[in-house]
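Me: I would like to go through this model term by term. Please set each value against its definition.

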Amino acid sequence: MDRIDDAVMRILRVKFTLCLFETPLADETLVDQLGSQAHRDLAREAVRKSPVLLKNGENADDPVLPLPKKASRILVAGIHANNMGYQCGGWTATWQGVDGNNYTAETPYAETAGDSLNLTIAEPGPSTILNVCGNVKCVVVTVSGRPVVIEPYESQIDALVAAWLPGIEGQGVADVLFGDYGFTGKLPQTWFKTVD
């Protein structure tokens, strides 16, 4: 109890020093600007700058990306493709995130509920990759909050992009896939082959 009391005292001291108790509520004068077009444009720009191009064809002379804008058909497959909740991950209006498109708030993703000991892609992701990439030229876009093991499928993938969690402005991913903007996202270290 003494340790908890000490920690609480230190937190309260900082809050008093910052005068947080003098104005305990947030300033609501700009609340009408939340979600404005300017904010959405900025979010789309952030999404556009985040994807990391991990593979683009077998060699630099034959790239798969950018995709042709006038392609006669493009198959978009996978459970994250049209699910805003999955594209937001745990960064939603609820602590664990939500499944579906009715919230701007994925199975759960935050803290222990989202832990993974092997960092593999959860089903039906691997099945989708094997079924689709085994039959057509294939661009895989991973939507995840962390790197995942791709090695078992890499040889079947023609192009690979880590899109992270694009949230409600996933169109920013399409901006780079179709070449309206170049890929600028970088990794702080190389993508791992296994968790070992």
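Reply: The model is predicted: local features need pLDDT of at least 70, side-chain atom pairs count only at pLDDT 80 or more, and totals for chains, interfaces and linings use all residues. Residues are numbered from 1 along each chain as its sequence is written, and side-chain values use heavy atoms, with hydrogens and water left out.

Me: Which residues does Ile157 touch?

Reply: Leaving out residues up to four places away in sequence, Ile157 touches Lys55, Ile129, Cys133, Cys138, Val140 and Ile150. Contact here means heavy atoms within 4.5 Å.

Me: Why is Trp164 called partly exposed?

Reply: Its relative accessible area is 21%. Buried means under 20%, exposed over 50%, and partly exposed in between (1.4 Å probe, protein chains only). Trp164 has 21%, so it is partly exposed. Across the chain, 30% of the 196 residues count as buried.

Me: What is listed for phi of Trp164, and where does the residue lie?

Reply: Phi of Trp164 is near 55°, a positive value in a residue other than glycine. Trp164 sits in the loop between β3 and α5 (171-177). Leu119 also has a positive phi, near 50°. Its place is the loop between α3 and α4. Most residues other than glycine have a negative phi, and most peptide bonds are trans.

Me: Which peptide bonds are cis?

Reply: Among them is the bond from Leu65 to Pro66, with omega near 5°. Pro66 lies in the loop between β1 (52-56) and α3 (84-88). The bond from Glu123 to Pro124 is also cis, with omega near 10°. Pro124 lies in the loop between α3 and α4.

Me: How do you know what counts as a helix or a strand?

Reply: Both are DSSP runs, numbered from the N terminus: helices are H or I with at least four residues, strands are E with at least two. By that rule the chain has five helices and three strands. Their pattern along the sequence is α-α-β-α-α-β-β-α.
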